[in-house]
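Subject: Structure for your review

Hello,

Here is the structure for you to look over. My notes on what was found in it follow below.

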Amino acid sequence: MGICKCGKGSKVYMKIKYNYHTHTKRCGHAYGDDEDYVLRAIKDGYLELGFSDHVMLPGISQPGIRGEFVEAENYLNSINYLKEKYKDEIKIYRGFECEYFPKFASYYKSLLNSKKVDYLILGQHFYMDENDQIISCTFRATNIEESEKHYIDFLLQGMASGLFKYVAHPDLFCILRKEWGEDFEELSKRICEASLKYNIPLEINLCRTESKDKEKWKYPREEFWKIAGEYGVRVVIGADAHYPEMLDIVAFDRAFELIEKYKLKYEEKMKI
Ligand SMILES: [Zn+2]
Ligand SMILES: [Zn+2]
């Protein structure tokens, strides 16, 4: 990594060379062929690329959000093929981005134990209620208080589970409301405390920065990362690519600004 300064007084920020947050078209809201992501990553100088598509789950169908379970094998085979084909040019890893659903914890464990995946990351977009219904606690949430409660509850369980390499967009709850508040402050502190307690890094997620319109950048949320700096948590950067070009066009300088401003402990390369 590195933040270098050019002679004109303005800062030039490096791009990242390691990205472990990449989706595929199987989720229904990402685009491009798997190989196009790899070719783009090689072109952009990445040294490692981790695929972490939204996890496909047995018995669960959420079109437009995650692929059907029958597609999981094709996904893993495809990444395996690319891993071998491009092994001299880039290191490729197979993973999934998963919500922590207690019901599927053993499934996640079996994916890791059988080495079908190299790693999992935790992205708590939804929770599962007592009737096994999957309910949004982020993008499609309707009740802020309820959503905050479920988001933090399941996220913390996931962080404690030891199944995940890092927490994707921990500040995702900030999309529930525009204004910062005491509740957000409290959630941020609890996430940072858990990050230290379970020694699990938090991701500065750049998915929403692909738009040139900064008004649309719902995260990373400045207030959250200020608190993260005070706690001294470990931090990674994720492009969260939903089409190949995103590996190049997201606002990496925004992540490096936050890292520099709040003295965040950035780790560019994950041990997998
Ligand atoms: Zn997605
Ligand atoms: Zn996500």
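**Helix packing**

The crossing of helices H1 and H2 is right-handed. Please keep in mind that this is a predicted model. H1 covers residues 34-43 and H2 covers residues 72-85; their axes lie 10 Å apart and meet at an angle of about 35°. On the H1 side, the contact is made by Asp 34, Glu 35 and Val 38, and on the H2 side by Ser 78, Ile 79 and Leu 82. By type, the residues of this contact are 3 nonpolar, 1 polar and 2 charged.

**Sheet**

Four strands form an open sheet in the order S3-S4-S5-S6, and the pairing is parallel. Strand S3 (18-19) and strand S6 (119-122) are the edges, each pairing on one side only. Strand S5, residues 91-98, is joined to S6 by 4 bridges in the parallel sense. In one of the pairings between strands, Glu 97 has Ile 121 of S6 as its bridge partner.

**Core**

Ile 121 also turns up in the largest nonpolar core, which has 71 residues. Ile 121 is among the residues with the most contacts inside this core, together with Leu 120, Leu 122, Tyr 166, Val 167, Ala 228 and Val 235. Helix H5 (residues 182-197) supplies the largest share of the core, 5 residues. As background, nonpolar side chains in soluble globular proteins tend to be buried together.

For Val 235, leaving out residues up to four places away in sequence, the contacts are Pro 201, Leu 202, Ile 204, Ala 228, Ile 259, Leu 264, Lys 265, Tyr 266 and Glu 267.

**Backbone points to check**

- Tyr 219 and Pro 220 are joined by a cis peptide bond, with omega about 5°. Pro 220 sits in the loop between strand S9 (202-205) and helix H6 (222-231).
- His 169 is a residue other than glycine with a positive phi, near 25°. This residue lies in the loop between helix H4 (144-161) and H5. His 169 has 30 other C-beta atoms within 10 Å and is therefore buried, the cut-off being 20 or more.
- Asp 240, also not a glycine, has a positive phi near 50°. Its loop runs between strand S10 (234-238) and helix H7 (246-249). Asp 240 counts as buried because it has 26 C-beta neighbours inside 10 Å.

Regards

How values were computed
Residues numbered from 1 in each chain as written. Chains lettered and ligands numbered in written order. Predicted model: local features only at pLDDT ≥ 70, side-chain atom pairs only at ≥ 80, totals over all residues. Pairing = 2+ DSSP bridges. Helix = DSSP H or I, 4+ residues; strand = E, 2+ residues; numbered from the N terminus. Core = buried A, V, L, I, M, F, W, Y, C linked by C-beta atoms within 7 Å. Buried ≥ 20, exposed ≤ 12 C-beta atoms within 10 Å, placed from the backbone. Contact = placed C-beta atoms within 7 Å. Axes fitted to C-alpha atoms, helices over the stretch in contact; angles between N-to-C directions. Left-handed = near helix turned anticlockwise from the far one by under 90°. Nonpolar A, V, L, I, M, F, W, Y, C, P; charged D, E, K, R; others polar.
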